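Welcome, and thanks for taking a look at this one. Please have the sequence and the 3D view open side by side as you read.

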Amino acid sequence: MSNSLNQATVPTEMKTSLLRPVYKKGNYKEIENYRPIAILPTTSKMSEIYFAEQLDNFLDMKKVIVKEQYGYRRNQGAPDLLEQFCDTVNGALNNHLHVLVCFVDFSKAFDSINHTKLLDVLDDMGIRGSVKEWLRNYLNGRKCTVKVAKHFSKKREMKRGVPQGSVLGPKLYLCYFNDIAQCFSNCQF
């Protein structure tokens, strides 16, 4: 891993994922009723675990992720979010205030990430130099192939998004959407 970071390169064979369509529900003949599951090389996941740990340490040390973000964070999760949400709503109602709640579900969120914007966001967070170049290399030139039964599709380059099924994908998504809290004023995010 240290050679990969020092040279700011990710071996090509670690950047190819295998997509397997898994049936969800509905008519099995309709493609939208299948969910793609990405299978990445084990060596890729091992290096990502190391890199994600370093990224978590950096993000925690610099306190760049908004405190209201509970997903994909160490020692925080849905129970913490629900507790905070209930406390906020109950507190407002006890003070005879109105409560308006808006839930947003970003469709295909991991697939929609623009690599250039993501790298700019990371730069703004203080992620620069060889680490940023390693991430640029990690994102660029990624390919995937689909396997159905014993048949494989041609490999296609993934020009947007973060790798599905990866360890780093959720962390990069977290960084990418971190500044969404700045879009809200006169309310609690």
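## A loop residue and its patch

Where does Phe103 lie? In this predicted model, Phe103 sits in the loop that runs between helix H3 (78-94) and helix H4 (115-124). Its relative accessible area is 69%, so Phe103 counts as exposed, the cut-off being over 50%.

Phe103 also belongs to a nonpolar surface patch, together with Phe85, Leu93, Val99 and Val101. The accessible area of these residues together comes to about 460 Å².

## How the strands pair

Let's turn to strand S1 (residues 16-23), which is joined to strand S3 (residues 143-148) by four bridges, the two running parallel. Ser17, for example, has Cys144 in S3 as its bridge partner.

S1 also pairs with strand S2 (residues 34-39), this time in the antiparallel sense and over six bridges. Here Tyr23 is found opposite Tyr34 of S2.

## A buried lysine

Now to helix H5 (residues 129-139), where you will find Lys132. Is Lys132 buried or exposed? Its relative accessibility is 12%, so Lys132 is buried, as the limit is under 20%. The side chain of Lys132 makes a polar contact of 3.3 Å with the side chain of Asp123.

## Confidence in the model

The protein chain has an average pLDDT of 88, and 97% of the residues score at least 70. Confidence is highest in H4, with a mean of 96, and lowest in helix H1 (residues 2-6), with a mean of 64. Where pLDDT is low, predicted coordinates should not be read in detail.

Terms used. Residues numbered from 1 in each chain as written. Predicted model: local features only at pLDDT ≥ 70, side-chain atom pairs only at ≥ 80, totals over all residues. Heavy atoms only, no water. Patch = residues over 30% accessible without salt bridge, like charges linked within 9 Å, V, L, I, M, F, W, Y side chains within 5 Å. Areas by Shrake-Rupley, 256 points an atom, 1.4 Å probe, with all protein chains shown as cover. Salt bridge = Lys/Arg side-chain N within 4 Å of Asp/Glu carboxyl O. Buried < 20%, exposed > 50% of the residue type's maximum accessible area, 1.4 Å probe, protein only. Pairing = 2+ DSSP bridges. pLDDT = per-residue confidence, 0-100. Polar contact = N/O pair within 3.5 Å; in protein donor to acceptor, adjacent residues only side chain to side chain.
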